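Welcome, and please get your viewer ready. We will go from one selection to the next and say what is there at each stop.

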Amino acid sequence: MIAEKIELVTRRISSACEKSGRSAESVKLVCVTKTASVEEINEAIGAGARLLGENRVQDAVKKYASIGNKAEWHLIGHLQTNKARDAVRIFSLIHSVDSVRLAKEIDKEAARINKIQDILVQVNTSGEASKFGMEPGSLENFIKETVLCPNIKIKGLMTIAPEAGDPETVRPYFRALRQLRDKVNGSKPAVCNLQLLSMGMSGDFEVAIEEGSNMVRVGRAIFGR
Ligand SMILES: *Cc1c(COP(=O)(O)O)cnc(C)c1O
């Protein structure tokens with residue numbers, strides 16, 4: 001049952017927090033609903049899910065039409081500039097911004113509806129060619145180019161680790177994202193303050209939390225069959 005799985009994931013998050021001396025409330029759970037039906041999503045909301053992650057705008061538009069704002073919607077998958085208009089209408093947080101061009105398009109569309117759109121910058125910390133996300137070395141320029149855009153707010157960073165049987169093997173990619181955030185936050189003169197680190201999925205979220213994640217994106221462990 002979905003409620004039991006959410007309970008189990010919540011307990012695993014708490015114990016990973018405890019292990020690293022953090023409070024359980026310091027990590028937010030994004031329930032990744034990309035494979036879930038509207039009924040299953042409603043069941044999850046009934047069981048306490050507050051943040052829902054979708055990876056395609058078109059799917060989210062459909063689900064949003066019947067579920068609405070009973071929970072917050074997050075975009076976790078790649079966003080094409082031509083979908084930015086729908087994205088700003090639905091999502092409270094876009095995790096997957098990976099270019100200046102996309103950020104500027106989001107800024108423009110958010111301005112049209114008088115919204116300040118929260119975003120995360122997706123960084124490809126592993127260098128895997130199959131992954132979206134900018135190179136770590138491009139982040140500084142990205143921030144310089146977008147920090148003055150009035151209708152977006154850069155809240156933090158996101159990464160997707162490679163698939164791994166043993167989550168220990170992906171620990172360095174999570175650590176790299178945290179170090180990148182700390183470097184931005186420590187730069188002088190201060191340019192922006194990044195708080196969120198969206199990292200960790202069903203197979204690796206405990207390790208991600210140990211490395212400083214404060215937002216985990218969990219799908220299979222909740223909706224898997
Ligand atoms: C599907 C997906 C997840 C969730 O992955 P699970 O292994 O199902 O927990 C997290 N992040 C992104 C970007 C995804 O596409």
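What follows is a tour in short stops, with a few notes first.

**Before you start**

This is a predicted model, in which local features need pLDDT of at least 70 and side-chain atom pairs count only at pLDDT 80 or more, while totals for chains, interfaces and linings use all residues. Residues are numbered from 1 along each chain as its sequence is written, and side-chain values use heavy atoms, with hydrogens and water left out.

Helices (H or I, at least four residues) and strands (E, at least two) are DSSP runs, numbered from the N terminus. Buried means under 20% relative accessible area, exposed means over 50%, and partly exposed lies in between, with a 1.4 Å probe and protein chains only.

**Stop 1: the ligand**

Which residues do you find around the ligand? They are Val32, Lys34, Asn55, Ile76, Ile160, Met201, Ser202, Arg217, Val218, Gly219 and Arg220.

Now show the polar atoms. An oxygen atom of the ligand is 2.5 Å from an N or O atom in the side chain of Ser202. At Gly219 the backbone takes part: one of its polar atoms is 2.8 Å from a ligand oxygen. On its own the ligand has 390 Å² of accessible area, and the protein covers 90% of that (Shrake-Rupley method, 1.4 Å probe; for residues, only the protein chains shown count as cover).

**Stop 2: Ser202**

Stay with Ser202, in the loop between β7 (196-198) and α8 (205-210). Is Ser202 buried or exposed? With a relative accessible area of 12%, Ser202 is buried. Its side chain reaches the backbone nitrogen of Arg220 at 3.4 Å. That is a polar contact: a pair of N or O atoms within 3.5 Å, where, within protein, one must be able to donate a hydrogen and the other to accept it, and residues adjacent in sequence count only if both atoms are side-chain atoms.

Leaving aside residues up to four places away in sequence, Ser202 touches Arg12, Arg217, Val218, Gly219, Arg220 and Ala221. Contact here means heavy atoms within 4.5 Å.

**Stop 3: Thr159**

Next, select Thr159, in the loop between β6 (152-158) and α7 (171-186). Thr159 counts as buried because its relative accessibility is 0%. Look for the polar contact between its side chain and that of Thr125, at 3.0 Å. Not counting residues up to four places away in sequence, Thr159 touches several residues, among them Tyr173, Phe174, Leu177 and Arg217.

**Stop 4: helix α3**

Move to α3, residues 57-67, and colour its buried residues: Val57, Ala60, Lys63, Tyr64 and Ile67. Why do these residues sit on the same side of α3? Because they cover an arc of only 125° around the axis, taken from the directions from the helix axis to the C-beta atoms. Turn to the other side of α3 and you find Lys62 and Ala65 exposed.

The buried residues of α3 pack against α2 (38-46), β2 (51-54), β3 (72-75) and α4 (84-90). Just after the helix, Gly68 takes a positive phi of about 65°.

**Stop 5: an aromatic pair**

Rings of Phe, Tyr and Trp (its six-membered ring) pair if their centres lie within 6.5 Å; planes under 30 degrees apart count as stacked, over 60 as edge-to-face and the rest as tilted. The count comes to one aromatic pair. Tyr64 and Trp73 form it edge-to-face, 6.1 Å centre to centre with 75° between the planes. Tyr64 is buried at 17% relative accessibility, and Trp73 is buried at 1%.

**Stop 6: backbone details**

Most residues other than glycine have a negative phi, and most peptide bonds are trans. Select Asn114, which has a positive phi near 55°. Asn114 is in the loop between α5 (100-112) and β5 (117-122) and is exposed at 74% relative accessibility.

Finish at the peptide bond from Lys188 to Pro189, which is cis, with omega near 0°. Pro189 is in the loop between α7 and β7.

Note on methods
Near = heavy atom within 4 Å.
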